[in-house]
Amino acid sequence: MKAKKWLAAAVALTMVGGTVVGCSSNNQGQSGGGTKGSAKQEVTLNYRAEPGALDVSKSTQVAVFTTMGMMHEGLYRIDKDGKAQPALAKELPQISADGKTYTIKLRDNVTWADGVPVKAQDFVYSYQRTLDPNTKALYSFMVAWIKGGSALMKAKTPEEIEKAKKELGVKALDDKTLEITLETPKAFFTEQLAFLTFFPQREDIVKKYGDKYGADANTVIGAGPFILEKWDHDQQLVFVKNDKYWDKDNVKLQKITINIVKDQNTGLNLFQTGAADLQNISGENIKLWEGKPEYLVQPELSVWYIKFQEKTVPAFKNKKIRQALAISIDNKAYIETVTGKGPVPATGFVTTGTSDGNGGEFRKTAGDLMPKFDPAKAKQLLQEGLQELGLKEFPKGLKIQGDDHGVGPKALEFLVAQWKQNLGIEVLAEPLPHKLRVDNENNHKYQISLSGWGADYNDPMTFLDMWIKGGEFNDVDWEHDQYTELIKKAEVETDRAKRSQLMVQAEKILMEEMPVAPNYFRALNWVKNPKIKGMLFPPYGVEFELKWAYVE
Amino acid sequence: MVRYTLRRFVYMLITLWLIVTTTFILMKNLPGDPFENSEKLTKEQKAILMAQYGLDKPVWEQYVNYLKDVAQGDLGVSFQYPARKVTEVIAQGFPASLELGIWALSLAITAGLALGIIAALKHNTKWDYTAMFTAVVGISVPSFVLGPLLSYFIGVKLGWLPPGLWQGPEHRILPAIALSFSTLAILARLMRTSMLDVINQDYIKTAKSKGLSQFAIVTKHTLRNAILPVVTILGPIFVNVITGTLVVEQIFSVPGLGRHFVMSVYSNDYTMISGLTIFYSVILVFVMFLTDIAYGLIDPRIRLAKGRG
């Protein structure tokens, strides 16, 4: 009987405890009211990912870029036309005749969110910290374009590191003047200065919080239009307008709430009830929203393509076989069947929207270089290719690997069916976890792979330098001397028009040789409350830009 | 009893060590790198990162370091959220999972027992059939089906409750229902069977013949005895509910631990995988330890029998 009482008490405690714990935390949150029907300058957005550390030096995730883009700022900010506009800088940089030295004046009235003035030294510290090998910053390769950057990255002892920092080509001429000297000219460097990795950092804040720097709302500071007021991990980020921001008169929104909603259908449910003003959509959901005023497409600088590994499959050393596999795929049908609206068929390897480094758009400068879908020609090319190799038939049992989630499996199925139907060849689909697919690619251990590449900066080079002979990311093992030579020339060419032409010539070779067969340029799909105006969806870097947004 | 308890304690430690070791071995065999954006890492960068996390050391050395850290309660820093310790992620996420679990369990116990009691008292009537039909549906419909249905129909179509997020008290209701449904069904069936057993006992018949009211018989004699088998399974059910919130957390955007579990495996976040596995294992093993001790207290035959073995 005693035991029974004991157990009954335990049950009672569990139940009472449940109620108590339940009640005690009920008041923690606030209701997620949307802005529908109200002209209050407040928006509530759904976002699919929790940002990692909000650390200028270490960030590589788009979730961090987007968060930091709201609360922080660089020397320049990209406007709706994709052009760099002076932000913390007073004006566009003065560039030396050799294209290597940038002199930049800061605005007089720019301060951090706590009122401390932004100084040129904050940029020097930021770049030194990113390049310091102890920081282990993954995007340091971009900052290493600065003269002496690579030397600093490779420095080993504390003395070597200090020496390299002093020799680094970034100097604060005074509190408001910054001078950056590059190793070689970079035509797109002004735009690059708007990218998160080139934002300033406060030495006192970084040192104060150490490992916790950027982990919570109170361990990070910015100089941008909004202040991160609250960050409940995995749940919600709340921003309020920064009244110390230099351009506060042009910032209309008073409050931005970002709810972390990983499930797209839940996000759409919240959107439909008015509890959210923005949600990204994909797959079947696109069809439900297409044509409605809420629906919008955001093109990305991201290409999806097929890789042919030339060492594991010697037949892929033959150009005609690669071309046959590429032009036997109907990329228009591919998009319709697999991804749904949004992406567009690839017209080259460099995506639409990428600058040509000479004031134009690369795709317009280079034109449509992707050979047309032509099953008859593909068959002929395959036969010719096999004959050249002395083979009677296409190698049997080849596998195409791809991701096992999202549109991955459907894409593999489609490609296999196209090759079967248009070329009469059997290739097996092999969906794999993303990390394994990438691991196989990094180790060159695959036969055919379905892969994607997103731009790190807005210039064709981010897509083209991958395929040079012996290049770090050339995992197809394609070797083409002329291509490599053109890219190497473009890397040091100071004449922007010539540089642009060198890259066009290189892409022509890539599309003629087809070591990789591009399928489509990716796009993100969203539904947005039409009352929100002035919100930008840039093609790379941040996913959305709210500085100029307002509620109508 | 002291010896019995000590022995259970040692078994608990051995079990935990086995879990920790197995997790380590499985983790080491996951293909790919644990780093974000790993497709863009150069070989040099990868080497630097591997060294930072001690992944360049021989496997046995990594294992020894890992055991040492775990013994000291240090579960390391997440690979995906580099400024957050795994213990912090647990401390931030577990309260939501626990709270959701407690809500769901409270609902399951209350409604499940009520259904079971009604079904038993109204044996072979439409009440019984309705209650048992509900129970069968509860067992057959998984939470990943029920969750989206509740979110859409109650949240969007009817607009009665928020379809997701974890803010005011009203945000707790739908996920708690989705999570509680199968447990509710199990408890209802168990309670019904147990009640029917007790109702047919001689002492109940005696009570009836003595002219006691139906209400007094049920509350004083039937319920107290019938609830015992149900109580004994509450411990494991509780653990099951708080660790089984994964799908429901995802569907209703609850900032709990469940979704970290799957995401960490997906992204090879080694420290997070091992940290969460150890955390949940400790809860499970500790509840089992307490259950063993409770059994030992209730029934001395158990500890004697085990003692001889």
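Reply: One term before we start: helices here are DSSP runs of at least four residues of type H or I, numbered from the N terminus. Also, this is a predicted model.

Me: Fine. Which helix holds B:Leu18?

Reply: B:Leu18 sits in helix H1 of chain B, which covers residues 2-28.

Me: What surface patch does B:Leu18 belong to?

Reply: A nonpolar one of about 480 Å². B:Val10, B:Tyr11, B:Ile14 and B:Trp17 make the patch together with B:Leu18.

Me: Now the interface. How much area is buried between chain B and chain A?

Reply: About 5,400 Å² is buried between them, and carbon and sulfur atoms give 58% of that. On the side of chain B, the residues that lose the most area to chain A are B:Glu39, B:Lys40 and B:Gln167, together 12% of what that side buries.

Me: And how many residues does the contact take from each chain?

Reply: 63 from chain B and 62 from chain A.

Me: How many salt bridges and polar contacts cross it?

Reply: Three salt bridges are found across the interface of chain B and chain A. There are also ten residue pairs in polar contact, both residues at pLDDT 80 or more.

Me: What does A:Lys212 form a salt bridge with?

Reply: With B:Glu88, where the closest N and O atoms are 2.7 Å apart.

Me: Which helix gives the largest share of the side of chain B that touches chain A?

Reply: H4(B), with nine residues. Other helices of chain B each supply at least two residues to that side, including helix H2 (43-52), helix H6 (143-157) and helix H13 (270-298).

Me: Different topic. What is the phi of A:Asp234?

Reply: Positive, about 65 degrees, although A:Asp234 is not a glycine. Most residues other than glycine have a negative phi.

Me: Where is A:Asp234, and is it buried or exposed?

Reply: A:Asp234 is in the loop between strand E8 (226-232) and strand E9 (236-241) of chain A. A:Asp234 is buried, because its relative accessible area is 2%.

Me: And what about the phi of A:Met514?

Reply: A:Met514 is not a glycine either, and has a positive phi of about 55 degrees. The loop that holds A:Met514 lies between helix H19 (496-513) and strand E17 (516-528) of chain A. With 0% relative accessibility, A:Met514 counts as buried.

Note on methods
Residues are numbered from 1 along each chain as its sequence is written. Chains are lettered from A and ligands numbered from 1 in the order in which they are written. This is a predicted model: local features need pLDDT of at least 70, side-chain atom pairs count only at pLDDT 80 or more; totals for chains, interfaces and linings use all residues. Side-chain values use heavy atoms; hydrogens and water are left out. Patches are made of residues with over 30% relative accessible area and no salt bridge: like charges are joined within 9 Å, nonpolar side chains (Val, Leu, Ile, Met, Phe, Trp, Tyr) within 5 Å. Accessible areas come from the Shrake-Rupley method with a 1.4 Å probe; for residues, only the protein chains shown count as cover. A salt bridge is a side-chain nitrogen of Lys or Arg within 4 Å of a carboxyl oxygen of Asp or Glu. Contact means heavy atoms within 4.5 Å. Buried area is the accessible area (1.4 Å probe) that two parts lose on being put together, summed over both. A polar contact is a pair of N or O atoms within 3.5 Å; within protein, one must be able to donate a hydrogen and the other to accept it, and residues adjacent in sequence count only if both atoms are side-chain atoms. Buried means under 20% relative accessible area, exposed over 50%, partly exposed in between (1.4 Å probe, protein chains only).
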